[in-house]
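Please look over the sequence and the structure before reading on. The report is written for a reader who is new to protein structure.

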Amino acid sequence: MDNMYTYQNPREVYGNVLLKLSRENKDIVVLDADLCKSTMTCLIEKELPEQYFEMGIGEQNMMSIAGGLSLTGKIPFVNSFAIFLTSRAFDQVRQAIGISGLNVKIIGSSAGLSDFGDGSTHQTVEDIAIMRAIPGMTVISPCDANQLARAIEAITSYYGPVYLRYSRNNMADLTSPSDSFTIGEVYPIHAGTDVTVYSHGDIIHQALIAAHELRKENISVQIVNVPTIKPLNREKIVELARKTRAVVSVEEHNIIGGLGSAVAEALRLEKIPIDFLAINDQYGTSGHSHEELRDFYGLTSQNIKNIIRNILKLK
């Protein structure tokens, strides 16, 4: 089934989209913390140096300066690895940006386990939980590079603090460049009648593989891409869940506080069985590849099939 897809590198797509938007809108300013060749904000540094700020390895300072820039009417895009923005600079995100509802876009690269070689210090398995807990923070996790591009366009014209995370590695194209993106919308991408799978980020690809294989067992899986984790479209989550007999949440994040927790909150009054496939309250670790780490933590199409079979009592 993998042969059905083309792949793009989200970092390259992000850099090019941000460069295009920065050319068109001189209010956009780009801040980076000594990682511009990884986040690809080096494209803005090279062509539009007057809109680029290299902050060095000083994420807390970078976040505070971004808040100040937003008060002058600028639209700051703050860039680094997701773990550094959400943990090292959390106090500044909450105090300087969140409380005042400032118009700062926090862009977390190398999210989840995708920085496989650098281990737990560089991997981000708790970022969604952290950012969901900040009142007024919008949290976005696109499913592919095409949706990432549309999401960056959408948050540019949206006023308020946003956290967006994306993978380091190539992502399968699950959407088209022409597909629309609306903050707060959810997107069914595979029809089914037995179980609904809610997911975000590029692990949706594994859910699609599982759904394709489960058709051979006459198990029909509805897959729903939830790129906006906050604010969660609770009405749509409930509406889609009611179309099937059970619900499963799949994500490359700690089982505590991520999309699964948000979906469970949305479905708390519904009598629908729900289960979760996520990282079981562990830190990341080093590996030779992203796929190796997903295997290690059980984030595979095989385990998605197992959890679906089990919740339908068909295992």
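The sections below describe a sheet, a loop residue and a helix.

## About the model

This is a predicted model, in which local features need pLDDT of at least 70 and side-chain atom pairs count only at pLDDT 80 or more, while totals for chains, interfaces and linings use all residues. Residues are numbered from 1 along each chain as its sequence is written, and side-chain values use heavy atoms, with hydrogens and water left out.

## The sheet

Seven strands form an open sheet with mixed pairing, in the order E3-E2-E4-E5-E7-E6-E12. Its edge strands, each pairing on one side only, are E3 (52–54) and E12 (228–230). Strands here are DSSP runs (E, at least two residues) and helices likewise (H or I, at least four), numbered from the N terminus, and two strands pair if DSSP finds at least two bridges between them.

Strand E6 (residues 138–140) runs antiparallel to E12 and is joined to E12 by two bridges. Val 139 has Lys 230 of E12 as its bridge partner.

## A buried aspartate

Asp 202 lies in the loop between strand E10 (195–199) and helix H9 (204–214). Is Asp 202 buried or exposed? Asp 202 is buried, because its relative accessible area is 14%, and buried means under 20%, exposed over 50% and partly exposed in between (1.4 Å probe, protein chains only).

## Helix H13

In helix H13 (residues 301–311), the buried residues include Ile 304, Ile 307, Ile 308 and Ile 311. The buried residues of H13 pack against E10, H9, strand E11 (221–225), strand E13 (246–254) and strand E14 (274–279), where contact means heavy atoms within 4.5 Å.
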